[in-house]
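Good morning, colleagues. Please keep the display in view while I speak.

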Amino acid sequence: MMKKYIFAVIFCLITFTLPAASQNGQVAADRDLLAEIYKIKAIDNHAHPLAAMRGGEIDVEEDYSQAAEPFDVPVRLRPDNPEYKGARRELYGDAFDESRLKAADYLAAKQLFISKKDEGFPVWVLDRLGIDVMLSNRIAMGRGLNSPRFLWVPFADPLIFPLDNRVASATNPDYLSHYKGAEKILARYLKESGVSAVPPTLDAYLKRVLTPTLERQKKQGAVALKFGVAYQRTLDFADTPIAEASRVFARYRNGVPPAKDYKALQDFLFRYIVREAGRLGIVVHVHVGAGASGYFDQGGANPFILEPVLNDPKLRGTKIVLIHGGSPFAQETRMLLYKPNVYADFSAQTFLLSTRELSTVLRSWLEFVPEKVLFGTDAFELMPEVNWADHASLTVTSARRALAIALTGMMQDGQISRDRALELARMVLRENAAKLYGFKSK
Ligand SMILES: [Zn+2]
């Protein structure tokens, strides 16, 4: 017993007197820096929080895309990932003791806790996790999310698919449900624009549906528009002349457009929306990189494919954020940060990658253009056992730790001072986003 005790003391002495430097040859986060990083009130650039629903109701306005078939889920997202227990302890504190409960009892205890918080639950989650503001990518906001702490990011994709989508839907097993979802949202946008059907000409569509929708969303508080379009086609948007786009629109308004013609129209509409967003002062979010489905076209979501859009001088007035930082094309994303209007967040990398691997990506970005790097969780509802809040807890912790590891490494290599390390942490977790969206930072 005594021997064990002495061994423990020696072990502790060794761990705590190590120059926070390296354990097993790897950089370990500097403890003081990590403690400071935990105090920073974050701005989450991309997440999918759920509204507070009354008993039995389902939140149908969270998202619209669905994979056609089950696929192999990466380890960190599996409900049996032991990291989730720690994440929940951090979030719920001693509200219930998961380690003493059977799985079903734990779920019931958690659901009871959430239902008691009712519409105060979403803001409570942000408070617990040190998140000041969460940009919420949703079809519409909902109960408990109508707080200045949750800012709306609506979907722009439905606006680029105004014609018959049957041919496009048939090209990939996933596409059918994505196009159905997009069509439903477009019908909503038409109705909200006071239009009963897609108008007969492109000019009328732009003036009576597209622009009024963006203006209305801006008025309703949207700070950004999100394109998840990589789930429905590749990111190569050509610069289609308006005459060609008008011809396709008028010709196939009442028909089924051939794939080549429809693509030309979609390309035009995508670029048109990007330009309009710039005019209205709305930031554009584009999903780049890995997508969650066994049929997702990974190669078609490479951020370099988007480069002609990012290089179009007519679109330089729009700020564009590469959502998820293009992982696994994180180094391609890093090089795109050269462009004055391009930013990147590392949402989803917070759970697709281990904290260690994320720290490597972050370091490479911070050594390049740190003013354009944004924190994001991509927190979403996996299932009641691992809800959006549990997910946010796991990812925000991973992000803070990865940031601390990256910055500690840079300090140890003499690249930055401790003061600069803390400044970079504040920029990534908060200040860069505050500047980008024009928030008054506290
Ligand atoms: Zn997302």
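In the largest nonpolar core there are 126 residues, and those touching the most other members are Val-223, Ala-224, Val-284, Leu-362, Leu-403 and Ala-425. By nonpolar core I mean a set of buried Ala, Val, Leu, Ile, Met, Phe, Trp, Tyr and Cys residues joined through C-beta atoms within 7 Å. A residue is buried if 20 or more other C-beta atoms lie within 10 Å of its own, exposed if 12 or fewer, and partly exposed in between, with C-beta atoms placed from the backbone. Helix α15, residues 388–412, supplies the largest share of this core, 12 residues. Helices here are DSSP runs of H or I with at least four residues, strands are runs of E with at least two, and both are numbered from the N terminus.

Two remarks on provenance. The model is predicted, so local features need pLDDT of at least 70 and side-chain atom pairs count only at pLDDT 80 or more, while totals for chains, interfaces and linings use all residues. Residues are numbered from 1 along each chain as its sequence is written.

Let me stay with Leu-403. Neighbours within four places in sequence aside, Leu-403 is in contact with Ile-37, Leu-362, Ala-425 and Val-428; contact requires C-beta atoms, placed from the backbone, within 7 Å.

From α15, Leu-403, Leu-407, Met-410 and Met-411 meet Arg-418, Ala-421, Leu-424, Ala-425 and Val-428 of α16. By class, that contact has eight nonpolar, no polar and one charged residues. Here Ala, Val, Leu, Ile, Met, Phe, Trp, Tyr, Cys and Pro count as nonpolar, Asp, Glu, Lys and Arg as charged, and the others, Gly among them, as polar.

On the α8 side the contact is made by Leu-206, Leu-210, Thr-211, Leu-214, Glu-215 and Lys-218, and on the α10 side by Tyr-272, Ile-273, Glu-276, Ala-277 and Leu-280. This contact of α8 with α10 has seven nonpolar, one polar and three charged residues.

Which peptide bond is cis? The bond from Ser-327 to Pro-328 is, with omega near 15 degrees, and Pro-328 sits in the loop between β8 (320–323) and α12 (330–336).

Asp-118 has a positive phi, near 50 degrees, although it is not glycine. Asp-118 belongs to the loop between α4 and α5 (121–129), and is partly exposed because 13 other C-beta atoms lie within 10 Å.

Asp-378 also has a positive phi, near 60 degrees. Asp-378 lies in the loop between β10 (373–374) and α15. Is Asp-378 buried or exposed? Asp-378 is buried, because 25 other C-beta atoms lie within 10 Å.

Note on methods
Two residues are in contact if their C-beta atoms, placed from the backbone, lie within 7 Å.
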